[in-house]
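The sequence and structure are shown below.

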Amino acid sequence: SARAAGRSAETAPGGEGSEKEPSSVWRAVCLVPPGRVTSYGEIARALGSRWGPREVGQALKRNPYPVAVPCHRVVRADRSLGGYFGGVAASDPRMCAKVQLLEGEGVRFEASA
């Protein structure tokens with residue numbers, strides 16, 4: 001599978017005592033600049049101990065504002081693409097859209113081994 005070769009972006013902390021609401025994940029993702037990617041785990045760490053990478057992924061899956069809330073900039077820790085609105089197969093139209101969005105922002109992909 002393709003891997004994002006772009007540099008990682010730091011995510012601002014969600015603050016101590018912040019509620020475990022999907023909107024806190026969406027706000028954190030908005031801090032990832034175009035052309036950069038971050039991982040589910042990096043967002044979870046930035047939000048604090050209440051969040052795990054899988055929970056971040058589930059919150060992003062429910063993102064009601066795609067592209068405005070750029071969940072396409074979130075990838076797995078190994079920099080593989082992960083999913084996009086429930087799609088995980090490279091041929092899935094949702095994953096093709098994720099790749100197109102990232103490429104449009106200047107993210108380059110390494111060839112799979």
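The model is predicted, so local features require pLDDT of at least 70 and side-chain atom pairs pLDDT 80 or more, while totals for chains, interfaces and linings use all residues. Residues are numbered from 1 along each chain as its sequence is written, and side-chain values use heavy atoms, leaving out hydrogens and water.

Helices are DSSP runs of H or I with at least four residues, and strands are runs of E with at least two, numbered from the N terminus. The 12 residues of H4 (residues 93-104) should span 16 Å at 1.5 Å a residue, and the end C-alpha atoms are 16 Å apart, which agrees. The N-terminal end of H4 is capped by Asp-92, with a side-chain oxygen 2.7 Å from the backbone nitrogen of Arg-94.

| Residues of H4 | State |
|---|---|
| Met-95, Lys-98, Leu-102 | buried |
| Pro-93, Gln-100, Gly-104 | exposed, on the other side |

The buried residues Met-95, Lys-98 and Leu-102 cover an arc of only 55° around the axis (taken from the directions to the C-beta atoms), which puts them on the same side of H4. Their cover includes helix H2 (40-47), strand S3 (74-75) and strand S4 (109-110).

The axes of H2 and helix H3 (residues 53-61), lines fitted to C-alpha atoms over the stretch in contact, come within 8 Å and cross at roughly 100°. H2 and H3 are therefore roughly perpendicular to each other (65 to 115 degrees). Tyr-40, Gly-41, Ile-43 and Ala-44 of H2 meet Pro-53, Val-56, Gly-57 and Leu-60 of H3, with contact meaning heavy atoms within 4.5 Å.

Terms used. The expected span of a helix is 1.5 Å times one less than its number of residues. Buried means under 20% relative accessible area, exposed over 50%, partly exposed in between (1.4 Å probe, protein chains only). A polar contact is a pair of N or O atoms within 3.5 Å; within protein, one must be able to donate a hydrogen and the other to accept it, and residues adjacent in sequence count only if both atoms are side-chain atoms. Axes are lines fitted to C-alpha atoms, for helices over the stretch in contact, and angles run from 0 to 180 degrees between N-to-C directions. Angles under 35 degrees count as roughly parallel, over 145 as roughly antiparallel, 65 to 115 as roughly perpendicular and the rest as oblique.
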